[in-house]
Amino acid sequence: MKPDGDRLHPDRDLFSLRTPHFLIEGRSRAGHETFFRIRDLGIALDIGRGPDLVLAMQHIFVTHAHLDHAAGIPFYAGQRRLQQLDGGTIYVPAEAEEGVRELLAVQEKLTGADFAVDIKGVAVGQEHRFSRHHLVRGHAAPHRVAARAYELIEVRHHLREEFAGRTGDELARLRTSGVKLEEEYRRSILFYTGDTDRGLLESCDAVFKAEVLMMECSFIIDGHQDRAARYRHIHVDDIADFADRFENDLIVLTHFSRRYSHEEIRDGIRKRLPLSLRDRIRLALPEPWQKL
């Protein structure tokens, strides 16, 4: 593999993609930095080294404690204080919650700061509501350290089927009499795997159902399957093995190894994935490298 300019200038990995419901922006290269901002929802997925893009986001979902995903936690806390913003909320795997609190306590001691950031541990299967119409559910993500995948769910209410066609006056009378007219409707709008291995694909049905799936794909070429297994990451061949199960409208592949150039990533994935997936795949790279 030949050296190229995109390895030397990390800003060339900046990524932006408009989906039907929100804009995703960020950067993701294995071992260097991973973060994504979805400003429409007021959230970030991982925090990398604390880029300016995520500082105004109220909710930060950190998948695990490796520094390329989590080094920015103290910086975020400090900047929120400096800019006189409320503390914000950082969600971490429940197993890492105490350690993150200790980390921030050390930073407070060293800097004389008083951080107001809220740390919330997320257990497998646990849900946290982060806006009026959205909640997050934690999923087990097999990796070398405790890790969570995050499923974002939109929560709405609609009229129960048995009351369809009733007039406004009839519905008002029923409501006044205490009849429950609406029922909750949930829609899985995004699933973010963070770092994981093929075990997630083997054990988690939700990953295949969300409208948008953001899934790591660290390794691309033949001969790197053993690396993927050793370091508990996904190889593109793992995705191909499950090709028939993906019901997602859009699949964004992330976290590519820095061993590969943009061209090697695009061409390698195009070569190794079946036609049934190619139209739905986007790569977390800048244009013109996003589409296969």
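I'll start with strand β2, residues 23-29, which is mostly covered, since seven of its seven residues are buried. This is a predicted model, in which local features need pLDDT of at least 70 and side-chain atom pairs count only at pLDDT 80 or more, while totals for chains, interfaces and linings use all residues. Residues are numbered from 1 along each chain as its sequence is written, and side-chain values use heavy atoms, with hydrogens and water left out.

Two terms before going on. Buried means under 20% relative accessible area, exposed means over 50%, and partly exposed is in between, with a 1.4 Å probe and protein chains only. Helices (H or I, at least four residues) and strands (E, at least two) are DSSP runs, numbered from the N terminus.

In a regular strand the side chains alternate between the two faces of the sheet. In β2, one side carries Leu 23, Glu 25, Arg 27 and Arg 29, the other Ile 24, Gly 26 and Ser 28, and all of these are buried.

What does β2 pair with? Strand β1, residues 15-18, pairs with β2 in the antiparallel sense over four bridges; to count as a pair, two strands need at least two DSSP bridges between them. Leu 17 has Ile 24 of β2 as its bridge partner, and the β1-β2 hairpin has four residues between the strands. β2 also pairs with strand β3, residues 33-38, again antiparallel, over five bridges. There, Glu 25 stands opposite Arg 37. The hairpin of β2 and β3 has three residues between the strands, and Gly 31 in it takes a positive phi near 75°.

A further hairpin: β8, residues 127-131, is joined to β9 by four bridges, with the strands running antiparallel, and two residues connect them. Glu 127 stands opposite Arg 137 in β9. Strand β9, residues 134-140, is mostly covered, with five of its seven residues buried.

Now helix α3, residues 73-82. Its buried residues are Ile 73, Pro 74, Tyr 76, Ala 77, Gln 79 and Arg 80. They pack against β4 (43-47), β5 (59-61), α2 (67-70), β6 (89-93) and α4 (97-111).

On to the cores. A nonpolar core here is a set of buried Ala, Val, Leu, Ile, Met, Phe, Trp, Tyr and Cys residues joined through side-chain atoms within 4.5 Å. The largest has 34 residues, and those that touch the most other members are Phe 191, Met 215, Ile 239, Phe 246, Leu 253, Phe 256 and Ile 269. Elements giving two or more residues to this core are α6 (199-203), β12 (212-216), α8 (236-241), β13 (250-254), α9 (262-272) and β14. A second, separate core of 24 residues includes Leu 41, Val 122, Met 214 and Leu 250.

Ile 281 lies in strand β14, residues 281-283. Is Ile 281 buried or exposed? Ile 281 counts as buried because its relative accessible area is 0%. Beyond its neighbours within four places in sequence, Ile 281 is in contact (heavy atoms within 4.5 Å) with Ile 251, Leu 253, Leu 273, Gln 290 and Leu 292.

The search runs on a 1 Å grid over the protein atoms alone: a cavity is a set of points where a 1.4 Å probe fits but cannot get out, a pocket is an open set with protein on both sides within 12 Å along at least five of seven lines, and lining residues have an atom within 4 Å of a point. Grid points are joined across faces, edges and corners, and a volume is the space filled by probe spheres set on the points.

There is one cavity of 30 Å³ or more. Residues lining the largest cavity include Asp 46, His 69, Asp 195, Glu 216 and His 255. The largest pocket holds about 210 Å³. Of its 16 lining residues, the closest to the centre are Ala 30, Gly 31, Arg 144, His 233 and His 255.

Last, the backbone. Glu 287 and Pro 288 are joined by a cis peptide bond, with omega about 10°, and Pro 288 lies in the segment after β14. Gln 84 is not a glycine, yet has a positive phi of about 60°. Gln 84 sits in the loop between α3 and β6 and, at 75% relative accessibility, counts as exposed. Arg 232, also not a glycine, has a positive phi of about 60°. Arg 232 is in the loop between α7 (225-231) and α8, and is partly exposed at 32% relative accessible area.
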